[in-house]
Amino acid sequence: MQLTFSGQRALIVGGSCDLGICLAKEMIQEALYPILTFRFKAGRERIEKALEPFPGRWEAVRFDFADAVSLNLLFAHLREDLDFLVDLAQGDLEGLVASVEEDEFRPYFLQNISSRAEMLKRAARVFLGKRSGRLIFISSAAAERASAGQGFYAAAKLASEALYRSLGLELGGRGITTLTLRPGYIDAGRGRRYLQSREKEALGRVPIRRALTEKEVARSVVFFLSDIARGFNATQIVMDGGLTAGK
């Protein structure tokens, strides 16, 4: 299938992770121009090393939800020139709801919900000026079925899903659409580290009996960015091998 796209420039928030880098490569193959964000120097170095074979076909820009100044700098860099946004960013906070201290979960929610809302507001204004825009949020199967200790993570994911869904409802008539993708276990990044110690137990609950590959997820994201998938708006798509479909 030959995919077509309404635009070229795609912001990948949280672009230094394994999935972000894989997604950037897939975008480049489709003649899209990924702009990957990173938080720390090590993240920039990972991006530069991985995308070295594609000179002039991508950018890396610092952005941190915990740093309001970086948000202003990011959108100043974009210069109102943006067609797509794929949001992979998510902080880590694991612990039982009754045991995590307030000084841990308050900044976590500030960064992962309030700061994300500010980013979406800024991106929406750019897209409104162009009367076109496509935003995809990478959530998690944990939003549907969280394990003990994932309460804060799941809450942040669900709140973020609500922001994206509302944006699609409010602006769909003006050419701006949204989608949430809920992947299950991915054999990449933190998913791979988790599976290294719990693979048999975790994948035993997945009907297809395997983890997703990062390329499977990346290619799916590229498809959902394409023109043919624009009818998927303000909704969630589950991609977990059947993990959350049964008991």
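Trainee: What are the mean positions of the positive and negative charges of the protein, and how far apart are they?
Mentor: They lie 3 Å apart, for 35 positive and 30 negative charges. Lys and Arg count as positive, Asp and Glu as negative, with His and the chain ends not counted; each charge is placed at NZ of Lys, CZ of Arg, CG of Asp or CD of Glu. Keep in mind that this is a predicted model, where local features need pLDDT of at least 70, side-chain atom pairs count only at pLDDT 80 or more, and totals for chains, interfaces and linings use all residues. Residues are numbered from 1 along each chain as its sequence is written, and side-chain values use heavy atoms, leaving out hydrogens and water.

Trainee: What is the secondary structure of the protein?
Mentor: Seven helices and seven strands, counted as DSSP runs (helices H or I, at least four residues; strands E, at least two), numbered from the N terminus.

Trainee: What makes a set of residues a nonpolar core?
Mentor: Its members are buried (under 20% relative accessible area, 1.4 Å probe, protein chains only) Ala, Val, Leu, Ile, Met, Phe, Trp, Tyr and Cys residues, joined through side-chain atoms within 4.5 Å. The largest such core has 37 residues, and Met27 and Val221 have the most contacts inside it. H1 gives the largest share, seven residues.

Trainee: Which residues is Met27 in contact with, leaving aside neighbours within four places in sequence?
Mentor: Contact means heavy atoms within 4.5 Å; the partners are Ala10, Ile12, Leu32, Pro34, Val86, Val222 and Leu225.

How values were computed:
Buried means under 20% relative accessible area, exposed over 50%, partly exposed in between (1.4 Å probe, protein chains only).
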